[in-house]
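Reader: Before I set up any calculations, I would like to go through this model with you, one question at a time. Please give the cut-offs behind each term as it comes up.

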Amino acid sequence: MAIEVLKPGLATSVQDAGRPGYYNLGIPLSGALDQYALRVANLLVGNDDGAAVLEAALLGPELLFRKPAIVAVAGAEAMPKVNGEPQPRNQSFAVKADDRLSFGYMKLGARIYIAVAGGIDVKLVLGSRSTYGLGALGGLAGRKLAAGDVLPVGAAAQGARAGRAVSGDLIGTYPKSLEIRVLPGLYFHRLTDESAASFFADTWTVAPEADRIGYRYRKGRALSFRERKQPFGAGSDPSNIVDAGYPYGSIQVPGGVEPIILHRDAVSGGGYAMIGTVISADMDRIAQMQPNNTCRFVRVDMDAALQARAAYKAQLSRLRAALSG
């Protein structure tokens, strides 16, 4: 079975649970930016919850199904339509041969996840089907989808059916303003006292440049770093350091102007000070922020971060239990 791409949308790519284990070689995690929505969509159609799906940002694709299939859409609030007829979100539905799947605009949230029973069956690269665009790796030819592309689909699992649904607190919500929890980083002490306070006090706005590599924020106060003697091997700006590894979710502020949160396609290291790291439980929430959405950064300690991670894992366990069988 195959799917033809009639219109690719703004930025649609094949993504799965990701490609861990190669960060030390400069190859990032990649995978769905919203891992929870990925798993909702997959479980609804009977796939393994980390199977390959289509991730679409801000504007969904238009797809032609060459054979019947079971489909589910999770993530941002964007109405799926089959031949122009609305279909439910967070619920599996059937498509027939020659049906066209399209989407309305994303009212809340920034990314939808389109799962098909059997999964998008592109080639495995380093154990994953995820697209890493900067490295032209994985997915379909290592790039975003284009009109005319044909996507192979694997064999559906027994029991895949229309009408399987999830609701209530098991689906995501996507407010336009939220709080993002942050652990102060290795170089947080390099900020002046005033900037350390304003980073957490100010309201920050998502910039249009936000993408899979990093989410850029602006409209808070510029951040000042303490003066220091330029280390050998570091740039001259006070925000520069001798090159070091970047944790997933780390926050850098080039020139002290606009914080950037590094996401799943970010490079693994460089010469900017990391003033903090977003806790793992909040990375999905960042992925669903549209340009001009706002946030406040909230300082937490390691105990709070670990508690949040445990709560996230418990939510996933509840989701799997609700959709098992």
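Reader: Which residue of E10 is the bridge partner of Glu55?

Author: The model is a predicted one, in which local features need pLDDT of at least 70 and side-chain atom pairs count only at pLDDT 80 or more, while totals for chains, interfaces and linings use all residues. Residues are numbered from 1 along each chain as its sequence is written, and side-chain values use heavy atoms, with hydrogens and water left out. Strands E3 and E10 run antiparallel and are joined by four bridges, where strands (E, at least two residues) and helices (H or I, at least four) are DSSP runs numbered from the N terminus, and two strands pair if DSSP finds at least two bridges between them. Within this pairing, the partner of Glu55 in E10 is Tyr113.

Reader: How many bridges join strand E5 to E10, and which residue of E10 is the partner of Gly75?

Author: Strand E5 covers residues 69-77, and E5 and E10 run antiparallel with six bridges between them. In E10, the residue that bridges to Gly75 is Ile112.

Reader: How many of the nine residues of E10 are buried?

Author: Burial is judged by relative accessible area, with buried meaning under 20%, exposed over 50% and partly exposed in between, using a 1.4 Å probe and protein chains only. By that criterion E10 is mostly covered, the number of its nine residues that are buried being eight.

Reader: What is the N to O distance in the salt bridge of Arg111 and Glu55, and why does the pair tie together separate parts of the sequence?

Author: A salt bridge here is a side-chain nitrogen of Lys or Arg within 4 Å of a carboxyl oxygen of Asp or Glu, and the side chains of Arg111 and Glu55 meet in one. Because Arg111 lies in strand E10 (residues 108-116) and Glu55 in strand E3, the pair ties together parts that are 56 residues apart in sequence. Both Arg111 and Glu55 are buried, and the N to O distance between their side chains is 4.0 Å.

Reader: Which residues are linked with Arg111 in a network of salt bridges, and how many salt bridges are found in the whole structure?

Author: The network that contains Arg111 also links Glu55, Arg212 and Asp265. A search of the whole structure gives a total number of salt bridges of 19.

Reader: In what order do the strands of the open sheet lie, and which of them stand at the edges?

Author: Six strands form this open sheet with antiparallel pairing, in the order E7-E6-E9-E4-E1-E11. Each edge strand has a single partner strand, so one side of each is left without a neighbour in the sheet, and these edge strands are E7 (85-86) and E11 (150-152).

Reader: What distance separates the end C-alpha atoms of H4, and within what arc do its buried residues fall?

Author: Helix H4 has 22 residues and should span 32 Å at 1.5 Å a residue, the expected span being 1.5 Å times one less than the number of residues; its end C-alpha atoms are 32 Å apart, which agrees. The buried residues of H4 are Ala305, Ala308, Gln315, Leu316, Leu319 and Leu323, whereas Asp303, Gln307 and Ala321 are exposed on the other side. Seen down the axis, with the arc taken from the directions from the helix axis to the C-beta atoms, the buried residues line one face of H4, for they fall within an arc of 100°.

Reader: Which residue forms a salt bridge with Arg318?

Author: At 40% relative accessibility, Arg318 counts as partly exposed. The closest N and O atoms of its salt bridge are 3.2 Å apart, and the pair links helix H4 (residues 302-323) to the loop between E11 and strand E12 (177-184), 149 residues apart. The partner of Arg318 is Asp169.
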